Amino acid sequence: MDTGDIKLLLLENEYSILKMPEYAFLGGIEGELVSVTKARGELSLVCPAERAPSGHLERSDGWKALRIDGRLDFALTGVIAGISGALSEEKIPVFVISTFLTDYLLVREDDVFRAVDVLSRRGYSVSVGSS
């Protein structure tokens, strides 16, 4: 897949990444992107910063989300590697979330304009959307 075929949408909200108590109740959190991941001994939550619940164990604020626009086929390879590799070369850290339909890359708010510039120069189409 050519980078020009991949369209990214920069969501408008600021996001928080939280480590929650393992059995926290997280009902009622809404937004364009809300991700709950439970793995061995941890519960992670990504949500709009203004909707982040209290009771977290750790919290990281100031993230912006880039969504790969459109549905990604499970047979595709290298999409995230290409994007994250381009950002890695410029020392821009990412936090990646995959859903059934697509992928999201979160970058620090301080790095978002640089990230958009890097990706645009690499041939990715980046636009601003609403969340």
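Tutor: A salt bridge is a side-chain nitrogen of Lys or Arg within 4 Å of a carboxyl oxygen of Asp or Glu. The model discussed here is predicted.

Student: Why is the contact between the side chains of Arg121 and Asp117 called a salt bridge?

Tutor: The N to O distance for Arg121 and Asp117 is 3.0 Å. The cut-off is 4 Å, so the pair qualifies. Arg121 and Asp117 are four residues apart in helix H2, which means about one helical turn separates them.

Student: How do you know whether Arg121 is buried or exposed?

Tutor: Its relative accessibility is 57%. Exposed means over 50%, so Arg121 counts as exposed. Asp117, at 39%, counts as partly exposed, because that class lies between 20% and 50%.

Student: How many salt bridges does the rule give?

Tutor: The count is six. One of them joins Lys38 and Glu22, with the closest N and O atoms 3.1 Å apart.

Student: What makes the Lys38 and Glu22 pair a tie between separate parts of the sequence?

Tutor: Lys38 belongs to strand S3 (residues 35-39), while Glu22 sits in the loop between strand S2 (15-20) and S3, so the bridge links parts 16 residues apart in sequence. Glu22 has a relative accessibility of 31% and therefore counts as partly exposed.

Student: What makes Asp61 and Arg59 a salt bridge?

Tutor: Their closest N and O atoms are 2.6 Å apart, and the limit is 4 Å, so the pair meets the rule. Asp61 is partly exposed at 36% relative accessibility, and Arg59 is partly exposed at 36% as well.

Student: What is the strand and helix pattern of the protein?

Tutor: There are two helices and eight strands, and along the sequence they read β-β-β-β-β-α-β-β-α-β.

Student: How do you know that S5 and S7 pair?

Tutor: Five bridges join S5 to S7, and the two run antiparallel.

Student: Which residues have the most contacts inside the largest nonpolar core?

Tutor: They are Ile83, Leu87 and Leu119, in a core of 17 residues. S1 (7-10), S5 (58-68), H1 (79-89), S7 (103-108) and H2 (112-121) each supply at least two of its residues. H2 gives the most, five residues. Another core, of 11 residues, lies apart from it and includes Leu11, Tyr15, Ile17 and Leu33.

Student: With which residues is Ile83 in contact, leaving aside its neighbours within four places in sequence?

Tutor: Ile83 is then in contact with Ile6, Leu8, Ile68, Leu105, Leu119 and Tyr124.

Student: How much of the protein counts as buried?

Tutor: Of 131 residues, 40% do, because each has under 20% relative accessible area. The protein exposes about 7,400 Å², and carbon and sulfur atoms supply 49% of that area.

Terms used: Residues numbered from 1 in each chain as written. Predicted model: local features only at pLDDT ≥ 70, side-chain atom pairs only at ≥ 80, totals over all residues. Heavy atoms only, no water. Core = buried A, V, L, I, M, F, W, Y, C linked by side-chain atoms within 4.5 Å. Buried < 20%, exposed > 50% of the residue type's maximum accessible area, 1.4 Å probe, protein only. Contact = heavy atoms within 4.5 Å. Areas by Shrake-Rupley, 256 points an atom, 1.4 Å probe, with all protein chains shown as cover. Pairing = 2+ DSSP bridges.
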